[in-house]
Amino acid sequence: MDGGMDRGAAVPEADWKVGVDIGGTFIDFCALDTRSGRVTSLKVLTTPDDPGAELMTGLTLLAEREGLDPRAVTRFVHGTTVGMNTVIQRKGAPLALLTNAGFEDVIELARLRMPDTYSLFCSRPDQLVARDMVFGIPARLRSDGTERQAPDMTAVADAVAALRAKGAVGVVVSFLHSWRDGGHETVVKEEIARLAPDLFVFTSAEVWPVIREYERTTTAILNAYVHPRISGYLSALEERLAGRDVPARPLLTKSNGGVMNAAEGKRACVHMLLSGAASGVNGAAWLARQAGEPRILTLDIGGTSADFALIIDGQAQFGVGEMIGEFPLHIPSVSVSSIGIGGGSIASVDGQGVLRVGPESAGSTPGPACYGRGGEWATVTDAMVVCGWLGHSQMAYGQLRMDADLARAAVKRLADRLGRSLEATAQAILDVAVSEMFAEVEKMAARAGVDVRDFALMPFGGGGPMLGVFLARELGMPRVVAPRWPGVVSALGGLVADLRGDFVRTLFAELSPGLMPTLREAFAAMAAEGRDWLTAQGHSSAAELMIVADMRYAGQSYEIETPLDPSWLDGDDPGAIAAAFHAAHARLYDFDDPDGRIEIVNLRLSAIGNGPALHFPTAQEDDRGASAERTVPVYTGGAVTPVGLYRRADLQAGARFQGPAIVAQEDTTFAIPAGTGARVDAHLNLHLTFAE
């Protein structure tokens, strides 16, 4: 575990825990020295042509600026968008799919639903496995798991020869009813390995063994599609860290908000596709618990997207079916809703003369026009500069200098087309961006059955503080709670994350006294599997086991995730389980059927190994007025107004001031409109409230 450290060298006095998150524009660092309590953060522009190089740049800058000794890094947690970007950009591995003969169209048929039911111009996405790369194998299990026909190995051999000739480098094997018994898939995988050891093979049962062949198949395909790029990236990451004498072996953030080691990440790639978004929610949940905030709506705005999530009682919410590009991911993930609105989102005028914002983004290269890196299109960030909210200090820890003239030139091209003033056009860009986010939040709240007016907004990411207060005000939310380092909350999420492994058993049975022994047996098997998984991750202390059931009334085509208490599985009375489901159904849909028959489709378990108990320093609150450094002119929608500019580093615990105001800091800038009261708490969170 010494990672190349000189054994004769003195042991560093510091103990650094480092969280890293790679986004579309920046890579974020959050580092804590647990011995001194010192917290530091950093942003570095990404290098899309050489993923991972920016990580080494960041470590160098942390060493130079903060004295971080790589040899003193005892925990290194890393989130990345490599997998997500591979799917979105369709740069994954050429794959073949082996399935039952007669079912070769399983991924084309999907669920016979169009992405947008009400659009006449909607079309389905091209699949990640081309139709001529799908091969039917004579083989069949019955729905009860008994064998009707063994796999035809001659057909397997013919398929392997054909798929190799077509250029496939990997194979997915997905047969009907393999959630009951994955034996057919296993023997076919073994035969492929014998015939073509150069091919990598995944079976649907080993990736995620759930009922419904489409969902199981697409999840396995996503895993295989990104496998070569993620595996290669992680191997290079391990080598780079070892070359810097970092003793900690990297942990990877997962879509479920937990972490796993890199060795597993190379195979279980599908579990880290949403790692960045999940890490942000995980970090926000930790901050919410520290601040005593029970109900939070998170807003994470980066360069390309805005992500929303709900935190209730200090816990992130989970679900299945999150979208990876154009494809659903059917594994447990932190529930996040996303929209293509970010700081780099490009504004344009369509053929009907209507102003549009996003989803196209300028990214990090070239970036918004005001970055001075060659960008020419007007973006949300450029609009903020033109209005005067941005451009009064260095951005991204001194790596960016805003060029207001370039921003104005980009926005002016749109203003000329719209026949509006420069400032009015910039304000319109911001208004459209906020309205797009407003619509997405309303849909998310409706799906979750909550009223966002009962929540506080927590904006983070580089762009969250720029637009978050305007969004909260439009939504009628009472408060905004902003952490000290909003730009690196996703990196913080990895830093404080637990080990978390998810396991599933499909039961597809009616809830009755006779099912209780089966439930106990499934729970015991998954609990053992979960504890073994934690041991393989290097976790030796106690494990927390959380169990949920996917349940429905008989005849329904959808399930509700219902948390269970393991004690409810004791004995033969399913009454407590039934009551929990009825209550969950009533909460979501405002009705339940106490006499209805209930089915349990899946039983799922999460095995959790607690991460390090980290504590950030707090300060004594002392009510005091805060003084603006100076005033700057800002266009606030109707006129140019003098607005106070505050430095976040100067705002001590207890500081109070009134909007309109700008709060500038190393990783982001807060835009605070008039009628807003601001207060800094003991954790240095910024609390914003609105006048009635």
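Cavities. I counted 5 cavities of 30 Å³ or more. A cavity here is a set of points on a 1 Å grid over the protein atoms alone where a 1.4 Å probe fits but cannot get out. The largest cavity holds about 60 Å³, a volume being the space filled by probe spheres set on the points, which are joined across faces, edges and corners. Its lining residues (an atom within 4 Å of a point) are Ile107, Gln127, Leu128, Thr218, Ile221, Leu222 and Phe327. Helix H7, residues 213-243, gives the most to this lining, with 3 residues; helices are DSSP runs of H or I, at least four residues, numbered from the N terminus.

Source notes. The model is predicted: local features need pLDDT of at least 70, side-chain atom pairs count only at pLDDT 80 or more, and totals for chains, interfaces and linings use all residues. Residues are numbered from 1 along each chain as its sequence is written, and side-chain values use heavy atoms, without hydrogens and water.

Cysteines. I found 0 disulfides, a disulfide being a pair of cysteine sulfur atoms within 2.5 Å. The sulfur of Cys387 is too far for a bond, because the closest cysteine sulfur, in Cys370, is 12 Å away. Cys387 is buried at 2% relative accessible area (buried means under 20%, with a 1.4 Å probe and protein chains only).

Overall build. I recorded 16 helices and 36 strands, strands being E runs of at least two residues. Of the 692 residues, 56% count as buried.

How values were computed: On a 1 Å grid over the protein atoms alone, a cavity is a set of points where a 1.4 Å probe fits but cannot get out, and a pocket is an open set with protein on both sides within 12 Å along at least five of seven lines; lining residues have an atom within 4 Å of a point. Buried means under 20% relative accessible area, exposed over 50%, partly exposed in between (1.4 Å probe, protein chains only).
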